[in-house]
Amino acid sequence: MWAVSLLLLFSSLLGASAQQNITFPTNVTAATVMQTFQNASIVPSVIPTFNVSSLLDLVFNSTTTPDLAIVPGQNVSIEQATVPQPLFFLATNETALLNETFVLVIVDPDALTPQQPNLSDFRHFLGLDFRLARGASGNHSQLTNTTPALTEFLAPAPPPGSDPHRYVTLLYLQPANFTTVAPTLINASTPRNNTNLTAFVAATHLGSPVAGTFYLAQNTSGTNGSNSSSPPGPGGASTGTGAGVRLPSGAVSAVGVSVGAMLLAVLL
């Protein structure tokens, strides 16, 4: 038992180290995020309302480019966004949220293109059982989980020539029965395209998001991407070759996971 506890402590230290290397956006407030959502027509086209007091940070932690903590509405290159799975952090003054469990959703309301969004909402991620580390201060604390995602993360890849797509990330409080109800509506065999987010939120009683962010991405390479640009095949996966692979439960990097696993093997 003590070995497992030590491994969990080791993982927490890795997460703390990663957070120290991330420069979070400054001069971003809940009010500015809400206004940005309005300006980008995320409200009411994606969600009916967005009234929050906390900040959700999405961080692309690539091995080839510096970590990028996005500013809501920021333009992000496909290369920057091509990661196994982003990291998520919560900044809040609401102490009640520090011990809550959360659901994270990422959708593209502009698939296939903003002018012809006939695949929207395209679901890029649906994860559950996210929590803040015990003793988290609420000051850009990392959200991690140990539960397989209902929809694994898929990096953005809009079709060449398309206007920028909005990639909307929303954080919800997780209802008590979510783990029972949600998999009957969305699971590994559910196509990613044409997700009715409003209906899903209503059916699972998620309520209104407690935080959110979004970024813009555009394919300037002239070659077809795989994710939002290709109609999904069986099982909800894209017919392309760029499907993302989700990092194991709250891992900061593959290196951290490997070291932690070796530590546990030695201790046991």
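These legends describe close-up views of a predicted model.

**Figure 1. Overall content of the predicted model.** The protein has 268 residues, and 49% of them count as buried. Its secondary structure consists of seven helices and nine strands. Among contacts between residues at least 6 apart in sequence, 77% join residues at least 24 apart.

**Figure 2. Strand order in the sheet.** Nine strands make up an open sheet with mixed pairing, in the order β2-β1-β4-β7-β6-β5-β8-β9-β3. The edges are taken by β2 (68–69) and β3 (74–76). Each of these two has a single partner strand, so one side of each has no neighbour in the sheet.

**Figure 3. Strand β4 and its two partners.** Strand β4 covers residues 87–91, and five of its five residues are buried, so the strand is largely enclosed by the rest of the structure. L87, F89 and A91 point one way from β4, while F88 and L90 point the other way; all are buried. β4 pairs with β1 in the antiparallel sense over five bridges. In this pairing, L90 of β4 is the bridge partner of L56. β4 also pairs in the antiparallel sense with strand β7 (residues 141–144), over three bridges. Here the bridge partner of F88 is L143 in β7.

Figure 4. Strand β8 spans residues 165–173 and is mostly covered, with eight of its nine residues buried. With strand β5 (residues 102–108), β8 forms an antiparallel pairing over six bridges. Y172 in β8 is the bridge partner of V103. The pairing of β8 with β9 is likewise antiparallel, and it runs over seven bridges. Two residue pairs can be picked out in this pairing: V168 stands opposite F214 in β9, and L170 stands opposite G212 in β9.

**Figure 5. The second largest cavity.** The structure holds two cavities of 30 Å³ or more. The second largest cavity contains about 70 Å³ of space. Its lining is made of P25, V28, V33, L55, L56, D57, I70, P72, H140, G212 and T213. The elements that give two or more residues to this lining are β1 (55–60) and β9 (211–217). β1 provides the largest share, three residues. By class, the lining has seven nonpolar, three polar and one charged residues.

**Figure 6. Backbone geometry at H140.** H140 lies in the loop between β6 and β7. The phi of H140 is near 55°, a positive value in a residue other than glycine. Most residues other than glycine have a negative phi. H140 has a relative accessible area of 16%, and it counts as buried because this is under 20%.

Figure 7. S41 is placed in the loop between α2 (30–39) and α3. Its phi is near 60°, again a positive value in a residue other than glycine. At 38% relative accessibility, S41 counts as partly exposed. P44 is found in helix α3 (residues 42–45).

Figure 8. A111 and L112 are joined by a cis peptide bond, with omega of about 5°. Most peptide bonds are trans. L112 has its place in the loop between β5 and β6 (122–132).

Figure 9. T184 belongs to helix α5 (residues 178–185). T184 counts as exposed, at 61% relative accessibility. A polar atom of the T184 side chain lies 2.5 Å from the backbone oxygen of V181. T190 is found in the loop between α5 and α6 (197–204). With a relative accessible area of 17%, T190 is buried. A polar atom of the T190 side chain lies 2.9 Å from the backbone nitrogen of N187.

Conventions: Residues are numbered from 1 along each chain as its sequence is written. This is a predicted model: local features need pLDDT of at least 70, side-chain atom pairs count only at pLDDT 80 or more; totals for chains, interfaces and linings use all residues. Side-chain values use heavy atoms; hydrogens and water are left out. On a 1 Å grid over the protein atoms alone, a cavity is a set of points where a 1.4 Å probe fits but cannot get out, and a pocket is an open set with protein on both sides within 12 Å along at least five of seven lines; lining residues have an atom within 4 Å of a point. Grid points are joined across faces, edges and corners, and a volume is the space filled by probe spheres set on the points. Helices (H or I, at least four residues) and strands (E, at least two) are DSSP runs, numbered from the N terminus. Ala, Val, Leu, Ile, Met, Phe, Trp, Tyr, Cys and Pro count as nonpolar, Asp, Glu, Lys and Arg as charged, and the others, Gly among them, as polar. Buried means under 20% relative accessible area, exposed over 50%, partly exposed in between (1.4 Å probe, protein chains only). A polar contact is a pair of N or O atoms within 3.5 Å; within protein, one must be able to donate a hydrogen and the other to accept it, and residues adjacent in sequence count only if both atoms are side-chain atoms. Two strands pair if DSSP finds at least two bridges between them. Contact means heavy atoms within 4.5 Å.
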